[in-house]
Amino acid sequence: MMGAYFRKMAGSTQSPPRVGLEEILWSWLGSFLGIGAVAYINYGWLDQIGLFLLLGSLGASAVLIYGAIKSPLAQPRNFLGGHIISALIGVTAFKLLAPHLWLAAPMAVAFSLAVMHATKTLHPPAGATALIAVISGPQVTNLGYLYALMPVGAGALVMLVVALLVNNLAPKRRYPEFWW
Amino acid sequence: MPDARDKPESAPTPGIGIKEEDILEAMRAIPGYLDITPGDFKEVYRLAFQHALERLSRAVTAAEIMTTDVVTVAPDTPVAEVAAAMGRRGVSGVPVVDAGRKVVGVISEKDFLTRMGVQDAKNFMSLVANCLMSKGCVALPMEAVLARDIMNSPAVTVAPNTPVKDIATLLTRSGINRVPVTDPDGRLLGLVSRADIVKATMGRIAP
């Protein structure tokens with residue numbers, strides 16, 4: 001019985017094949033333009049009026065929506081839904097549990113994950129969105145629930161528009177697989 | 001690569017010889033990153049394949065795959081004639097029908113063997129063995145015997161709308177190789193043999 005338990009840790013299959021060069025280049029271009037657009041808005045405009053759009057978890061999302069675009073995790077429902085739901089949960093965890101951040105942080109992530117599963121919006125980077133709502137200090141926590149709309153919702157939306165435009169330019173790509 | 005033999009879900013499924021290498025090749029043929037391991041894909045494939053087989057065999061009925069050009073004999077046909085008819089048509093079993101085409105029994109090779117004194121008759125080879133060991137063949141006592149004397153009666157029959165899947169189960173459970181298809185009054189419509197099921201399944205699986 002213990003043997004079976006440890007044997008599971010050996011793995012049972014192999015890594016999927018490496019993608020082609022063309023795919024790599026399109027992934028590079030998509031993520032460059034997607035994060036570029038958000039960063040430009042962030043540093044070009046919002047920074048001056050004390051707002052921000054460039055969220056760490058969007059970097060993680062870029063991997064999915066420009067690099068693994070067929071994945072269910074990368075579809076608009078998951079991408080937008082996951083981020084916004086997790087943002088709301090993260091803010092709630094902070095509001096209810098601060099200053100006990102050691103508890104607010106895992107609560108935010110665990111509940112986000114559970115609710116994303118239940119709502120079929122699983123999007124791994126959104127776990128970071130929930131965590132950021134708890135751990136980032138006043139610049140984020142002062143936003144309250146606005147955090148879910150801006151930067152999270154708005155930033156994700158900009159990334160999604162770029163994903164639709166760029167991914168579908170590639171001859172062998174199509175995005176999304178489904179919307180909702 | 002780790003051995004997958006100890007994984008229960010890797011148990012061999014008849015008709016599915018897909019290997020992880022096949023899946024890797026398929027994944028390479030699809031541009032873009034697929035967010036699934038070859039192992040998971042194989043499992044999805046295996047279950048989907050089984051599901052498709054089940055659905056197809058549920059959908060196909062006896063009427064669609066039965067042989068309608070069936071050799072039959074009457075209850076009072078002498079067994080010599082029964083044997084001759086089976087030999088002529090190259091079949092290993094015949095339904096016995098009365099004057100109104102109602103199926104009253106089935107005769108198979110095995111019924112001959114048992115009547116010829118072969119204990120534990122499994123196939124023709126047991127007869128050969130029996131003949132060789134007793135120095136002489138043993139069909140003679142059967143001269144005056146009629147079909148009704150050796151037939152299996154009542155016959156196991158199925159309705160035309162019986163799913164092939166159920167027929168396969170029936171054949172296996174009853175240890176028989178063919179089953180007459182009859183209308184509600186018991187009249188013969190056709191015959192489904194194991195070969196018919198194999199043929200039908202092949203046609204369905206091949207794209």
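Guide: Read along the sequence, chain A of this predicted model runs α-α-α-α-α-α-α-α. Its secondary structure comes to eight helices and zero strands.

Visitor: What pattern does chain B follow along the sequence?

Guide: Chain B reads α-α-α-α-β-β-α-α-α-α-β-β-α, with nine helices and four strands.

Visitor: How many residues does each chain have, and what share counts as buried?

Guide: Chain A has 180 residues, and 40% of them are buried. Chain B has 207 residues, of which 23% count as buried.

Visitor: What makes a residue such as A:Ala130 buried?

Guide: The cut-off is 20 or more other C-beta atoms within 10 Å. A:Ala130 has 34 of them within that distance, so it is buried. This residue sits in helix 6 of chain A.

Visitor: Which residues does A:Ala130 touch, leaving out those up to four places away in sequence?

Guide: A:Ala130 touches A:Ser86, A:Ala87, A:Ile89, A:Gly90, A:Ala108, A:Val109 and A:Ser112. There is also a pair to look at in space: A:Ala130 and A:Val91 are 39 residues apart in sequence, yet their C-alpha atoms are 7.4 Å apart.

Visitor: Why are helix 5 and helix 6 of chain A called roughly antiparallel?

Guide: Their axes, for residues 101-118 and residues 125-135, come within 9 Å and cross at roughly 155°. Angles over 145 degrees count as roughly antiparallel, so helix 5 of chain A is roughly antiparallel to helix 6 of chain A. The crossing is right-handed.

Visitor: Which residues meet there?

Guide: From helix 5 of chain A come A:Leu101, A:Ala104, A:Ala105, A:Ala108, A:Val109, A:Ser112, A:Leu113 and A:Met116. They meet A:Ala126, A:Gly127, A:Ala130, A:Leu131, A:Ala133, A:Val134 and A:Ile135 of helix 6 of chain A. By class, this contact has 13 nonpolar, two polar and no charged residues.

Visitor: How do you know that helix 4 and helix 8 of chain A are roughly antiparallel?

Guide: The axes of helix 4 (residues 76-97) and helix 8 (residues 146-167) of chain A come within 9 Å and cross at roughly 165°. With the cut-off at over 145 degrees, the two helices are therefore roughly antiparallel to each other. Helix 4 of chain A passes helix 8 of chain A in a right-handed crossing. Among the contact residues are A:Phe79, A:Ile84 and A:Val91 of helix 4 of chain A, and A:Tyr147, A:Val152 and A:Leu160 of helix 8 of chain A. This contact has twelve nonpolar, two polar and no charged residues.

Visitor: Why does B:Arg101 count as partly exposed?

Guide: B:Arg101 has 15 C-beta neighbours inside 10 Å, so it falls between the cut-offs and counts as partly exposed. B:Arg101 is in the loop between strand 1 (93-97) and strand 2 (103-108) of chain B. It has a positive phi of about 65° although it is not a glycine.

Visitor: Where are the cis peptide bonds in chain A?

Guide: One joins A:Met150 and A:Pro151, with omega about 20°, and A:Pro151 is in helix 8 of chain A. Another joins A:Tyr175 and A:Pro176, with omega about 0°; A:Pro176 is in the segment after helix 8 of chain A.

Visitor: How many residues does each chain bring to the contact between them?

Guide: Chain A brings 19 residues and chain B brings 17 residues. The chain A side has seven nonpolar, seven polar and five charged residues. The predictor gives the complex an ipTM of 0.74 and a pTM of 0.63.

Visitor: Where in chain B is confidence lowest and highest among its helices and strands?

Guide: Confidence is lowest in helix 6 (residues 124-134) of chain B, at a mean of 70, and highest in strand 3 (residues 178-182) of chain B, at 94. Chain B averages a pLDDT of 81, while pLDDT stays under 50 over residues 1-12 of chain B.

Conventions: Residues are numbered from 1 along each chain as its sequence is written. Chains are lettered from A and ligands numbered from 1 in the order in which they are written. This is a predicted model: local features need pLDDT of at least 70, side-chain atom pairs count only at pLDDT 80 or more; totals for chains, interfaces and linings use all residues. Two residues are in contact if their C-beta atoms, placed from the backbone, lie within 7 Å. Ala, Val, Leu, Ile, Met, Phe, Trp, Tyr, Cys and Pro count as nonpolar, Asp, Glu, Lys and Arg as charged, and the others, Gly among them, as polar. pLDDT is the predictor's confidence in each residue, from 0 to 100. Axes are lines fitted to C-alpha atoms, for helices over the stretch in contact, and angles run from 0 to 180 degrees between N-to-C directions. Angles under 35 degrees count as roughly parallel, over 145 as roughly antiparallel, 65 to 115 as roughly perpendicular and the rest as oblique. A crossing is left-handed if the near helix is turned anticlockwise from the far one by less than a right angle, and right-handed if clockwise. A residue is buried if 20 or more other C-beta atoms lie within 10 Å of its own, exposed if 12 or fewer, and partly exposed in between; C-beta atoms are placed from the backbone.
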